[in-house]
Amino acid sequence: MSTKTKIVVLHMREVIYTAIFAALAILLVLLLVFMFRSGKKGDGAAETMGYVSGVYTSSIVLNNQTMDVKVVVDDNRINAISLDNLDETAAAMYPLMQPALDSISQQIYEKQSTEGITYDEANQYTSMVLLNAIKDALSKAQAETDSE
C-alpha cells in the first residue's frame with residue numbers, strides 16, 4: 001500500500017476572495033431572515049389594533065343637536081377624525097368642540113391609540129364626550145374584524 005501525499009497550493013488572493021464571498025453569503029442570509037420575519041415584537045410595546053378599512057361614525061346629541069364624529073381607518077392605522085353635521089348654530093353654542101377634537105385627534109394620530117390621551121382642564125368635559133364618541137366609532141371598526 002502506497003499512499004501518495006498530495007500537495008495543495010493555495011494562492012493568498014483565492015483565500016481572500018473565498019472569505020469575502022462567504023461573508024457576503026452569510027450577510028445576505030441574515031438580511032433575508034430579518035426582512036421576512038414576522039412583524040411581532042416581544043418588547044412589550046403595544047400592538048396596533050386590527051381594523052376593517054372604512055369610515056365609521058358615532059353620534060353625539062347635545063340639546064337636541066346631533067353631530068357625528070367620523071373616523072377613517074385603514075387595516076392598522078387611524079387616518080382621520082372629524083366632526084360631521086356640525087352646523088353654524090351648534091358651532092356657536094359649543095365653540096370648544098372643534099379645538100378639543102383637533103387636540104385629541106393629533107394625539108391619537110401620534111399614538112394610534114385612545115389610551116393615555118390628555119386634555120386641557122378648561123375643555124375637559126367636551127374632550128371626554130368626543131373621546132367616548134371616537135372610542136365608540138373605533139369599537140365598530142374592531143367589532144367587524146372580530147366577526148370575520
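What share of the contacts in the protein chain with a separation of 6 or more comes from residues 24 or more positions apart? In this predicted model, such residues account for 52% of those contacts. The protein chain holds 4 helices and 3 strands, and the strands make up an open sheet with antiparallel pairing.

**Overall layout**

- Read from the N terminus, the elements follow the sequence α-β-β-β-α-α-α.
- The protein chain has 148 residues, and 24% of them are buried.
- Its accessible surface comes to about 10900 Å², and carbon and sulfur atoms contribute 57% of that surface.

**The sheet**

- Strands of a sheet pair through backbone hydrogen bonds, in either a parallel or an antiparallel arrangement.
- Here the order of the 3 strands is E1-E2-E3, and the pairing is antiparallel.
- Strand E1 (54–62) and strand E3 (78–84) are the edge strands, each pairing on one side only.
- From one strand to the next, the twist averages 20 degrees.

**Strands E1 and E2**

- E1 and E2 pair in the antiparallel sense over 9 bridges.
- Within this pairing, Val55 stands opposite Val72 in E2.
- The two strands form a hairpin with 2 residues between them.
- Asn63 lies in the turn of that hairpin and has a positive phi of about 50 degrees.

**Strands E2 and E3**

- Strand E2 (residues 65–73) pairs with E3 over 6 bridges, again in the antiparallel sense.
- Val69 stands opposite Leu83 in E3.
- Val72, which stands opposite Val55, has Ala80 as its bridge partner in E3.
- E2 and E3 also form a hairpin, with 4 residues between them.

**Helix packing on the sheet**

**Points to take from the model**

Methods. Residues numbered from 1 in each chain as written. Predicted model: local features only at pLDDT ≥ 70, side-chain atom pairs only at ≥ 80, totals over all residues. Heavy atoms only, no water. Buried < 20%, exposed > 50% of the residue type's maximum accessible area, 1.4 Å probe, protein only. Contact = heavy atoms within 4.5 Å. Areas by Shrake-Rupley, 256 points an atom, 1.4 Å probe, with all protein chains shown as cover. Pairing = 2+ DSSP bridges. Axes fitted to C-alpha atoms, helices over the stretch in contact; angles between N-to-C directions.
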